[in-house]
Amino acid sequence: MVNQLIRLFPTPEVLAESLALDLVNQIKDADTSVNPFTIALSGGNTPGLLFSVMADQFAGSVNWMNVHFFWVDERCVPPGNPESNFGMTNKVLLSKIDIPKENIHRIRGEDDPGKEAERYSGEISEFTIQKNGFPFFNVMLLGLGEDGHTASIFPGNEKLFRSDEICVIAAHPKTGQKRITITGQVINNSSEIIFMVTGKHKAGIVNNIIGKGDNKKQFPASFVNPAEGKVIWYLDEEAALLIND
Ligand code: 6PG
C-alpha cells in the first residue's frame, strides 16, 4: 500500500504557507552538490496561492541556482494565454525570484503537440537523473480534478500509468483542449508526490480517492502509488469534509 500522509489545514492560506515552508526546507536540506533539486509543477487554480506565498515570503531565502522547475502538464496554448500553466507560474512566482532561466523547463504549449511531447521528454531526460529506467523528480506537485484526473491524465486514460513514454498528448474530455502531460510511471518514480487540494467542491472526489469508497480504480489519481517515494495530501478542511463518511 502506498506510503501516504494526510495533512489537514483550516484554510487554503494556512495550507499554502505550510506547504511553501515545507518545500523551501526540503530544498535547503537537499544535497544539491551533485544534482539539482527538481520539482514538477501542476497548473489550474489551486497552486497559485502556494506560488505567491513562495514569492512573497521565501524569494530571498532559497538559493534558486540549485532548483530546476518543470511542468507536470501544460495546455497547448502560448505562454501569454490565461490558460497557460507556465504563464500563471511565471507571473506569480518565477518572475519574482532570482533563478537562472536555464533552470526553468517549460512545456512549449504554442508548438506542435506531438513534436513538443517528444522534445520535452528529451529535455526532462537531459536535466533529471534516471532511476528505475525513468526520470526522477524530488517533488511532483499534483492537483486533483473533480472527475478524479491528475496531471492531464483523465478518466479513461488510466493506461498512461503503464506507459513507457515520459510525456504524451492528452485532451480535456469536456473542452477537447489539447494538453501535454507527464505519464504515470514518471509520476510514481518521484521521491515525494504532493497533492494540493482545496475547496468543498473537491470533497466528494477526495473521499473517493482516499476515503473508504471502494470504487477507487475509476479515477486516474487512484493510480498514484510510488514504489519507493511517498504521497502527502495537503487538504483544507473543506476538501477533507467527507473523508470518513
Ligand atoms: C491543469 C492541471 C490539472 C489540475 C487539476 C485541478 O493543467 O489543469 O495540472 O491537473 O491540477 O485540474 O485543477 P484546479 O486546481 O483548477 O481545481
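Leaving aside neighbours within four places in sequence, Asn-103 is in contact with Trp-64, Met-65, Asn-66, Val-67, His-68 and Phe-69, where contact means heavy atoms within 4.5 Å. The structure is a predicted model, in which local features need pLDDT of at least 70 and side-chain atom pairs count only at pLDDT 80 or more, whereas totals for chains, interfaces and linings use all residues. Residues are numbered from 1 along each chain as its sequence is written, and side-chain values use heavy atoms, with hydrogens and water left out.

- Asn-103 sits in the loop between α3 (85-92) and α4, with helices (H or I, at least four residues) and strands (E, at least two) taken as DSSP runs and numbered from the N terminus.
- With a relative accessible area of 5%, Asn-103 is buried; the term buried means under 20% relative accessible area, exposed means over 50%, and partly exposed lies in between (1.4 Å probe, protein chains only).
- A polar atom of the Asn-103 side chain lies 3.2 Å from the backbone oxygen of Trp-64; a polar contact is a pair of N or O atoms within 3.5 Å, and within protein one must be able to donate a hydrogen and the other to accept it, while residues adjacent in sequence count only if both atoms are side-chain atoms.

**The parallel sheet and its helices**

- An open sheet is formed by 6 strands in the order β1-β11-β10-β7-β2-β3, with parallel pairing; two strands pair if DSSP finds at least two bridges between them.
- Because β1 (4-9) and β3 (67-71) stand at the edges with a single partner strand each, one side of each is left without a neighbour in the sheet.
- From one strand to the next, the twist averages 20 degrees, where axes are lines fitted to C-alpha atoms, for helices over the stretch in contact, and angles run from 0 to 180 degrees between N-to-C directions.
- Within this sheet, β7 (residues 139-142) and β10 (residues 192-197) run parallel and are joined by 4 bridges, and Met-140 stands opposite Ile-193 in β10.
- Helix α1 (residues 12-29) lies across β1, β2 (37-41), β3, β7, β10 and β11 (230-236), and runs at about 165 degrees to β10.
- Helix α4 (residues 113-127) also packs on the sheet, where it touches β2 and β3 and makes about 155 degrees with the direction of β3.

- Asn-138 is found in the loop between β6 (134-136) and β7, and its relative accessible area of 19% makes it buried.
- A polar side-chain atom of Asn-138 lies 2.8 Å from the backbone nitrogen of Thr-38.
- Not counting residues up to four places away in sequence, Asn-138 touches Pro-36, Phe-37, Thr-38, Ser-191 and Glu-192.

- Strands β8 (residues 167-171) and β9 (residues 178-182) pair in the antiparallel sense over 5 bridges, with Val-168 opposite Thr-181 and Ala-171 opposite Lys-178.
- These two strands form a hairpin with 6 residues between them, and Gly-176 in the turn has a positive phi of about 75 degrees.
- Strand β4 (residues 73-75) pairs with β9 in the antiparallel sense over 3 bridges, and Thr-181 in β9 is the bridge partner of Asp-73.
- Because 4 of the 5 residues of β9 are buried, this strand is largely enclosed by the rest of the structure.

**The ligand site**

- Of the 15 residues around the ligand, Thr-46, Asp-73, Arg-75, Ala-151 and Lys-202 come nearest; a residue is near a molecule or strand if one of its heavy atoms lies within 4 Å of it.
- Oxygen atoms of the ligand lie 2.7 Å from a polar backbone atom of Asn-45, 2.5 Å from a polar side-chain atom of Thr-46 and 2.7 Å from a polar side-chain atom of His-149.
- The protein covers 90% of the 410 Å² of accessible area that the ligand has on its own, with accessible areas taken from the Shrake-Rupley method with a 1.4 Å probe and, for residues, only the protein chains shown counting as cover.

**Phe-154**

- Phe-154 lies in the loop between β7 and β8 and counts as buried at 1% relative accessibility.
- Apart from neighbours within four places in sequence, Phe-154 is in contact with Asp-147, His-149, Ala-171, His-172, Pro-173, Arg-179 and Pro-220.
- Although Phe-154 and Pro-220 are 66 residues apart along the chain, their C-alpha atoms are separated by 6.4 Å.
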